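Subject: Structure for your files

Hello,

Here is the structure I said I would pass on. My notes follow it.

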Amino acid sequence: MTIYLLCIALFLIGLYGVVSKRNLIKMIIGIAIMEYSINLFLILIGYVKGGTAPILSADGVKRVFVDPLPQAMVLTAIVIGLATTALLLAIAIRLYRKYNTFDIREIKKLKG
Amino acid sequence: MGILLIIVLVLMIGGAIFSLEAKDLLSAVIAYGIVGFGLVILFLLLQAPDLALVQIVVEAITLIIMIAVIMDSTREEVKTKSKRTAAYVIISIVFAGLFLYFFNRVTGTLSAFGERAMRMSLAYIEPGAEITGSANLVTGVIFDYRGYDTLGEVTILFTAVIGVLTVLRLKGRK
Amino acid sequence: MKGMTIIVQKVTQIMCGIIFLYGIYIIMHGHLTPGGGFAGGIIIAGSFILLVIAFGSKFLALKKEETGSSILESTAILLFLAIASAGLLISGVGIFFVNFLPKGTIGNLISAGILPFFNIAVGIEVAAALVTVFLALLIYKEEST
């Protein structure tokens, strides 16, 4: 149970970064940390004590496998996370060129 | 095993806190690398080599892109006039406490760490190799059992790339 | 963006092909060993990014936008859809995403029906997508300064 709580503490740290920081780059880092913690949580659920990676070996020995389903879901989610982080960074650099700052309060002021 | 996981996770939490509180954006991004590479170690410990392989390259590319963006703009953290009253701190602590409490209640219904949490998992593992013909069960799940899911993810990836191209276009197309 | 020193360029010249080959190996053996389309695609994209960083942006003649990798990406996603709908249209089974080719022996390189083809399509897609994102950022930087 401790490990679940630590994992979700990492999520809360990312949430704190998104909510309270005024810097766009810090907010993006917060979103990425949240995403990592959720990925980790799914993998933790799929773990089985004494299990091995879900790949059949050539010798034909029966082994206990960890759950392959969360691994498959997270595998795609990691790549999507990279693409969305790149999209957020592209928006951030575009805003920096226009307003010359990463401060979201300034960006809000210059609206319209 | 459990204690090793906890040590790496505490290190990741420390890296995350430093990354969010650093005054210099470049050191913030590099401290963010601690979280990602710590995740690689955790994936290896949790018997997920596919994910470790993906995560280690993804983390390197993310750091490259982030550092490129910061080198292109500024390294200075924005100045905040700190007016953090006691009320803010109390509200945040109460919210975090509530979140952790409810999370603990919810995960209490799961089986303990290290036991099979999902009944469905055996249905994927035991006949999986015969049905899909793939020795790597993860690949079998991605492309055979959950093919629609992968189709959706590929579409999202495509959309994100289109979004990047749209946002970063300077000249209009003639 | 300017390139790096001659030492970095020489090491890149030797390593880049090996990294590319490793990516292809990961994709081809996706149904046997850890890896697959997603991992291999990212590794291939990494080899291209390494080339651009080491040799500078002049290396790929980046005047003409990132059309090449963008077109490749769109083609790869169409390829993915085509393989998926082949199960619906020409296999005779009539189910979307059905694995209609013979399975073969588990553990051989040529086995698992259509899964290797899916791996190849996804690998091309992911590699082209990431290279496109990187080139878009790079071109934006070159044009705006």
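**Helix H7 of chain B and its surroundings**

The buried residues of H7(B) pack against H3 of chain A, against helix H3 (49-72), helix H5 (120-125), helix H6 (128-132) and helix H8 (147-167) of chain B, and against helix H4 (115-144) of chain C. Please keep in mind that this is a predicted model. H7(B) spans residues 137-145 and is mostly covered, with eight of its nine residues buried. Those buried residues are B:Leu137, B:Val138, B:Thr139, B:Gly140, B:Val141, B:Ile142, B:Phe143 and B:Asp144.

**Contact between chains A and B**

Chain A puts 65 residues into this contact and chain B 74 residues. On the chain A side, helix H1 (2-20), helix H2 (24-46) and helix H3 (68-99) each supply at least two residues. H3(A) gives the largest share of that side, 23 residues. Sorted by class, the side of chain A that touches chain B has 46 nonpolar, 12 polar and seven charged residues.

**H1 and H2 of chain B**

Helix H1 (residues 2-21) and helix H2 (residues 25-45) of chain B pack with their axes 8 Å apart, at an angle of about 160°. Angles over 145 degrees count as roughly antiparallel, and H1(B) and H2(B) are therefore roughly antiparallel to each other. The crossing of H1(B) past H2(B) is left-handed. Among the residues that meet there are B:Leu4, B:Val8, B:Gly15 and B:Phe18 in H1(B), and B:Ala28, B:Tyr32, B:Gly38 and B:Leu45 in H2(B). By class, this contact has 15 nonpolar, three polar and no charged residues.

Regards

Definitions and conventions: Residues numbered from 1 in each chain as written. Chains lettered and ligands numbered in written order. Predicted model: local features only at pLDDT ≥ 70, side-chain atom pairs only at ≥ 80, totals over all residues. Contact = placed C-beta atoms within 7 Å. Helix = DSSP H or I, 4+ residues; strand = E, 2+ residues; numbered from the N terminus. Nonpolar A, V, L, I, M, F, W, Y, C, P; charged D, E, K, R; others polar. Buried ≥ 20, exposed ≤ 12 C-beta atoms within 10 Å, placed from the backbone. Axes fitted to C-alpha atoms, helices over the stretch in contact; angles between N-to-C directions. Parallel < 35°, antiparallel > 145°, perpendicular 65-115°, else oblique. Left-handed = near helix turned anticlockwise from the far one by under 90°.
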